[in-house]
Amino acid sequence: MTGQGLASSNDACVPDAEGLDTVLWEQLPESVAFCAADGVCLYVNPALERGFGRPRGELLGRLLWDVFPESLKPQLQERFLRVAATGESAEFEWHFAPRERWFVKRLFRSHGRVYVISREITGEKKQEAILRGLYDETRRAQRHAAFLAQASEVLASSLEHDEILQRLTNLAVPPLADGCCVDVPMLDGRVRRVAMAHIRPEVVARTRVFHERHPLRLDDAAGIGKVLRTGVTEFVSELRPEHVSQLARDADHGLAMSELGVTAYISVPLMTRGQVLGALTLVNTTPGRRYTQADVRLAEDLARRAASSLDNGRLYTEAQEAVRARDSFLSVASHELNTPLTSLTLNVQALRKQLEPWHDSGVPGADSTTAKVVAVQRQLSRLSSLVRELLDVSRITAGRLRLEREDLDLAALTREMVPRFAEELARAGCALRLEASEPAPGHWDRLRVEQVLQNLLSNAIKYGRGRPIDVRVGADETRAWLSVTDEGVGIAPEAQHRLFQRFERLASERHYGGLGLGLWIVKQIVDAMDGRILVRSAPGKGSTFTVELPRPPRG
Ligand code: ADP
């Protein structure tokens, strides 16, 4: 059937095609044409008329490929003739670029005619492109995240500055670039290349030769020198001749640069605290391999991490040097102070001895002179113990804490030591209760154990002024312990973990003297004897320091 279904179209143009159901074609949303075997159009449906915006009359009787745009013509003609000759169907996609539209064309032969059906797939194509974009974006984000994780590992390693940067450039090639390098500025305006990698090692050598002939300079108008000077990223997604001439200082330089074959680059500054430490540069030498903004973001992220790692490394080295300088100063100073102090102490002792016969003699001024000498002796003893602490710090830091172990009863030693503090306790208004009746034998260093007790007791007197102090000694099968409890100022829970650090002072410096070394030394001694020190304290309620020592000693 024919005529009826075509009532709304131009009947004259619809051929009465031997039993072919053109009504069906009339209603199809796809455009349909059929032609004679030589390509002459016999029929086009309304969808095709609409597509061309031209009536059938203008299309029928013409060669089919002549009515389509030039870009489609050759392949349509070629396929059409093949289908007409062989009877084999064909299908292909056509992109109509000026309007960003896509079509799929299907050709088949029937009843000596060739049918061409065209369906627009622009919507599907766009969706596909979006999905592909999303997919690519996700893949890229995943790749970038994986790369940054690897890079962070390298950056966190305890390697030397240049070694870290070399590893980083090796890591960037090839995932991010064909070549990668890091350059640092020098004070004299020159630039030092600290690391370089390329997928083809011979390019590294070639680039070196190039830079020997044409060294990078901080006053370069563009490129790495400029990035180092300004701290601003430079990004060329596709290096064209005009870029090369902008970068080149002269024709020879430009030529040599072109020979390196760079097709795109990103150069990002390694910045920290407003200072440019260097520049990380990614280059592509593969034609067609371009950079995008996403690559720039990644390079900048990488540079940020690298800069902060380098900065940390530098700060760490500086801090270590400062600590070394401080320790060596302390060591020298404490030795220098100790020598005259020892002879001063001996002289004051001798002086006091000489004054003894005058004491209570009634000689005018004798008593007050003795009192002054006693005061000098007390101050000297305080000074000596501060200098001893400093000496201990330098010894311990230098790993020279040697223990002289002997059989010792901790209870007896404590009983013997406590009376030596009588004067200090009395001055501070502290009553001392001692519980050390049971023996607590072990094998420890006498002088060091004395030092521990002395430090804990001095602190209890200092921070528990006017309140009673309890000293307890006990032992069981495996350990002996000594605890010193005061009812003084106490220590806030959040500060307790800092107590045993070197130079740590928690109490107000105005009210309490001290170097913040006593507890650190105590802990070093206790650790050296395989023991441990515990603290229980509450602000305003007082503190208990307990030292536990193993018995017999391990090992
Ligand atoms: P310092 O010579 O400053 O006393 P220490 O290492 O002996 O140094 O002690 C470190 C800090 O711990 C002190 O500055 C003080 O704040 C706190 N501290 C030590 N012992 C006590 C205590 N018995 N009661 C309260 N605070 C204490």
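Is Cys430 buried or exposed? I found Cys430 buried, with a relative accessible area of 8%. My cut-offs: buried means under 20% relative accessible area, exposed over 50%, and partly exposed in between, with a 1.4 Å probe and protein chains only.

Ground rules, for the record. This is a predicted model, so I kept local features to pLDDT of at least 70 and side-chain atom pairs to pLDDT 80 or more, while totals for chains, interfaces and linings use all residues. Residues are numbered from 1 along each chain as its sequence is written, and side-chain values use heavy atoms, with hydrogens and water left out.

**Cysteines.** I looked for disulfides (a pair of cysteine sulfur atoms within 2.5 Å) and the structure holds 0.

**Domains.** The chain splits into domain 1 (3-120), domain 2 (146-310), domain 3 (319-397) and domain 4 (405-550). These bounds come from an automatic or database domain assignment. Taken over C-alpha atoms, the centres of domain 2 and domain 4 are 60 Å apart.

**The sheet.** Next I traced an open sheet of 5 strands, ordered S7-S6-S10-S9-S8, with antiparallel pairing. Strands S7 (191-198) and S8 (234-236) are at the edges with a single partner strand each, so one side of each has no neighbour in the sheet. On average, neighbouring strands here are turned by 15° against each other, direction ignored. Strands pair if DSSP finds at least two bridges between them; helices (H or I, at least four residues) and strands (E, at least two) are DSSP runs, numbered from the N terminus. I checked S9 (residues 264-272) against S10 (residues 275-284): they pair in the antiparallel sense over 9 bridges. Leu270 has Gly278, in S10, as its bridge partner.

What lies across S8, S9 and S10? I found helix H12 (residues 293-355) there, running at about 35° to S9. Axes are lines fitted to C-alpha atoms, for helices over the stretch in contact, and angles run from 0 to 180 degrees between N-to-C directions.

**His253.** This one sits in helix H11 (residues 251-260) and is buried, at 4% relative accessible area. Setting aside neighbours within four places in sequence, I see His253 in contact (heavy atoms within 4.5 Å) with Phe210, His214, Leu247 and Ala248. Phe210 is 43 residues from His253 in sequence and 8.8 Å away in space, C-alpha to C-alpha.

**Aromatics.** Rings of Phe, Tyr and Trp (its six-membered ring) pair if their centres lie within 6.5 Å; planes under 30 degrees apart count as stacked, over 60 as edge-to-face and the rest as tilted. By this rule I get 8 aromatic pairs. Phe52 and Phe68 are edge-to-face, 5.0 Å centre to centre with 65° between the planes. Phe52 is in helix H2 (residues 46-52) and Phe68 in the loop between helix H4 (64-67) and helix H5 (73-86), 16 residues apart. Phe52 is partly exposed at 23% relative accessibility, whereas Phe68 is buried at 10%. Trp94 and Phe103 are stacked, at 5.5 Å and 25°. Trp94 is buried at 6% and Phe103 is buried at 13%.
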